[in-house]
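Open the model in your viewer and show it as a cartoon. The stops below say what to select next and what is there.

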Amino acid sequence: MWLKRSYLLQKVIILITSFLHIIVIITLKYHSIKYLKERIFLKKISRCLNLFLAFVISFVLMGNSIVYANEINSQKPYEKRENLKIIEESFLKGKYKAIYEYTEGDTHYKRIDEADDEFKETKSELFELVRGKYVKVETQYTNIDDKGIMNVYIDSEKGNDKNWQVNLKDNLEINNNAIVPYVNNYDWITEETDGYKYIGNLGRTALISAIAAIAGSIIGGPLGAGVGASAAAIADALFNGGNNYVYYHKIYNWKYCERDWRIIEETEYTRFYEDSYHRFFIDYTYVEWRC
């Protein structure tokens with residue numbers, strides 16, 4: 001509300017300034033001014049009004065663009081997927097499998113997903129319901145390498161194959177005074193970061209893989225059961241909402257060995273959000289490691 005009032009005030013200033021500028025121009029053109037000093041003085045006023053008007057107009061334009069960007073980023077993403085239903089979910093012989101259905105607009109889909117025990121590799125077959133029968137549309141493959149890069153490949157039945165990469169360790173913005181000792185225990189050190197990732201077009205299991213990798217991107221290591229459950233809940237919310245991005249706030253803690261300054265304990269606590277302003281909280285993950 002205050003932003004709208006501010007821009008209204010700026011427009012009023014522009015109108016008043018323009019009116020004064022017109023008066024000065026008319027005075028210079030149609031009225032005889034006996035003294036040169038008066039004419040010079042009015043011309044100086046005209047130049048000042050020109051500069052002031054240009055400054056106010058540029059500020060208004062810049063302000064409008066900032067408000068527009070903020071309004072977009074602060075909105076909750078449009079929920080284009082609905083009725084997510086997990087038909088089957090199992091973890092047998094080191095392999096994860098899930099079958100689920102959902103609607104997107106007026107179209108009903110089914111996916112059959114698989115992943116290895118660490119969720120580093122996933123496969124997702126997409127089927128569309130056409131006249132009562134499921135027709136295969138595409139197969140999505142993902143894998144995460146040792147550098148935290150997720151490689152995504154889509155094998156389309158129509159021949160429109162696609163591939164791209166997602167850097168699951170990128171886009172970290174360290175907050176001011178990020179590295180500080182804990183208040184209650186000075187052996188621990190903490191670092192807080194904000195980040196975001198593009199996760200558009202990923203299947204539910206690929207989202208679990210991406211969220212788990214983000215959750216343990218600093219510590220690394222296999223996906224734990226606790227992280228897996230949280231990652232699945234976050235993936236469900238993002239997938240059902242049709243989100244193209246996920247945003248998060250991470251708190252990383254570590255402790256050094258007194259003898260040789262090796263890191264002997266680490267924890268990662270990550271809160272996931274649907275928007276860049278962190279207003280729509282989804283869930284959190286927690287990972288820890290001890291030497």
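Which residue in S2 is the bridge partner of Glu-88? Select Ile-99, which is that partner in this predicted model. Now widen the selection to S1, residues 81-92, and S2, residues 95-104. The two strands pair in the antiparallel sense, with nine bridges between them. They form a hairpin with two residues between the strands, and in its turn Lys-93 has a positive phi of about 55°.

Next, select S3, residues 107-116, together with S4, residues 121-130. These strands are antiparallel and joined by seven bridges. Arg-111 stands opposite Leu-126 in S4. Four residues lie between S3 and S4 in their hairpin, and Phe-119 in the turn has a positive phi of about 60°.

For the last stop, show side chains and select Met-150, Leu-168 and Leu-202. These have the most contacts inside the largest nonpolar core, a set of 38 residues. Elements that each supply at least two residues of this core include S2, S3, H4 (225-241) and S11 (245-256). Its largest share, nine residues, comes from H3, which spans 204-215.

Finally, centre on Met-150. Beyond its neighbours within four places in sequence, its contacts include Trp-164, Val-166, Leu-168, Leu-202, Ala-206 and Ala-210. Asn-143 and Ser-209 are also among them.

Definitions and conventions
Residues numbered from 1 in each chain as written. Predicted model: local features only at pLDDT ≥ 70, side-chain atom pairs only at ≥ 80, totals over all residues. Heavy atoms only, no water. Core = buried A, V, L, I, M, F, W, Y, C linked by side-chain atoms within 4.5 Å. Buried < 20%, exposed > 50% of the residue type's maximum accessible area, 1.4 Å probe, protein only. Contact = heavy atoms within 4.5 Å. Pairing = 2+ DSSP bridges.
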